[in-house]
Amino acid sequence: MNDQPDRAQFTAMEHGTQADWSLIAGHFGQFAKTLPNRVLTHLRLLDGDYGGFPVDRLEHSLQTATRAHRDGRDEAYVVMALLHDIGDTLGTYNHPEIGAAMLRPFVSEEVHWIANTHGVFQGYYFFHYIGGDRDLREQYRGHPHFEACAEFCEKYDQAAFDPTYDSAPLSFFEPMVGRVFARPIQSLYAKAAAEA
Ligand SMILES: [Fe+2]
Ligand SMILES: [Fe+2]
């Protein structure tokens, strides 16, 4: 039996009590508040990771976000642009879905769709060089967010490999990440976060 005051008392969830879950909800709230820091720490893992590209993946992320910001995009969109490739480290074979899943509670359905599907649309610029079909995105033609995703890739993502571009530093985007990740719009755990 766990008798520490800062720990729930159950050893299996079926024995949980209101006191246990009130305690856990308090911890969840504190943990959720530091989510932006964890996101930024993970994003920094892309520093120095070139993979053969002209810029490393962190610079590509900063450049994508900077281009979106300078083009007048709103904060949630800019944060999506910053994090669209954050899944590269753990989701080597499905990176768009990783970033999109992280963003989903905090952004609109359209911004989430762009993050989740950008890999197929970005392929328009290179799939034909690696034995694939550059028109794979055509499967989504007619989708309400087709043009928005095509525009993200054309204006920001595929254009963000210029080593001479004056990208804003990560510190410029940190307050934006803090604000966007402060409160979930949609989540199973949104109520607990709101009460914390
Ligand atoms: Fe990507
Ligand atoms: Fe990218």
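**Exercise 1. Find which residues Y124 touches, leaving out residues up to four places away in sequence, and place Y124 in the chain.**

Solution. The contacts come first: Y124 touches R134, R137 and C153, when residues up to four places away in sequence are not counted. The model in which these contacts are found is a predicted one.

Next, the location. Y124 lies in the loop between α6 and α7.

The last step is a pair of separations. Between Y124 and E59 there are 65 residues in sequence, and their C-alpha atoms are 22 Å apart in space.

**Exercise 2. Decide whether Y124 is buried, partly exposed or exposed.**

Solution. Start with the cut-offs: a residue is buried with 20 or more other C-beta atoms within 10 Å of its own, and exposed with 12 or fewer. Y124 has 18 C-beta neighbours inside 10 Å, so Y124 counts as partly exposed.

**Exercise 3. Describe the protein chain as a whole: its elements, its extent and its contacts.**

Solution. Count the elements: the protein chain has nine helices and zero strands. Read from the N terminus, the order is α-α-α-α-α-α-α-α-α.

Then take the extent. The C-alpha trace spans about 60 × 35 × 30 Å along its principal axes.

For burial, 29% of the 196 residues count as buried. For contacts, consider those between residues at least 6 apart in sequence: 56% of them join residues at least 24 apart.

**Exercise 4. Work out where the buried residues of α7 sit and what they pack against.**

Solution. Helix α7 covers residues 146–157, which is 12 residues. From first C-alpha to last, α7 reaches 15 Å, close to the 16 Å expected at 1.5 Å a residue.

The buried residues of α7 are C149, F152, C153, Y156 and D157. They cover an arc of only 115° around the axis, and therefore lie on the same side of α7. As background, an α-helix has 3.6 residues a turn, so residues three or four places apart point the same way.

The partners of these buried residues are α3 (57–70), α4 (75–83) and α6 (109–122).

**Exercise 5. Describe how α6 and α7 cross, and list the residues that meet.**

Solution. Two packed helices are described by the angle between their axes and the distance between the axes. For α6 and α7, the axes come within 8 Å and cross at roughly 65°. The two helices are therefore roughly perpendicular. The crossing in which α6 passes α7 is right-handed.

On the α6 side, the meeting residues are E110, W113, I114, T117, H118, F121 and Q122. On the α7 side they are A148, C149, A150, F152, C153 and D157.

**Exercise 6. Describe α3, what follows α3, and how α3 packs against α4.**

Solution. Begin with length: α3 has 14 residues and reaches 20 Å from its first C-alpha to its last, close to the expected 20 Å at 1.5 Å a residue. Of those 14 residues, 13 are buried, so α3 is largely enclosed by the rest of the structure. After α3 comes G72, with a positive phi near 90°.

Now the packing. The axes of α3 and α4 are 7 Å apart, at an angle of about 160°. The two helices are therefore roughly antiparallel. α3 passes α4 in a right-handed crossing.

Finally, the residues: S61, T64, A65, A68 and H69 of α3 meet Y77, V78, A81 and L82 of α4.

Conventions:
Residues are numbered from 1 along each chain as its sequence is written. Chains are lettered from A and ligands numbered from 1 in the order in which they are written. This is a predicted model: local features need pLDDT of at least 70, side-chain atom pairs count only at pLDDT 80 or more; totals for chains, interfaces and linings use all residues. Helices (H or I, at least four residues) and strands (E, at least two) are DSSP runs, numbered from the N terminus. The expected span of a helix is 1.5 Å times one less than its number of residues. The arc is that of the directions from the helix axis to the C-beta atoms. Two residues are in contact if their C-beta atoms, placed from the backbone, lie within 7 Å. Axes are lines fitted to C-alpha atoms, for helices over the stretch in contact, and angles run from 0 to 180 degrees between N-to-C directions. Angles under 35 degrees count as roughly parallel, over 145 as roughly antiparallel, 65 to 115 as roughly perpendicular and the rest as oblique. A crossing is left-handed if the near helix is turned anticlockwise from the far one by less than a right angle, and right-handed if clockwise.
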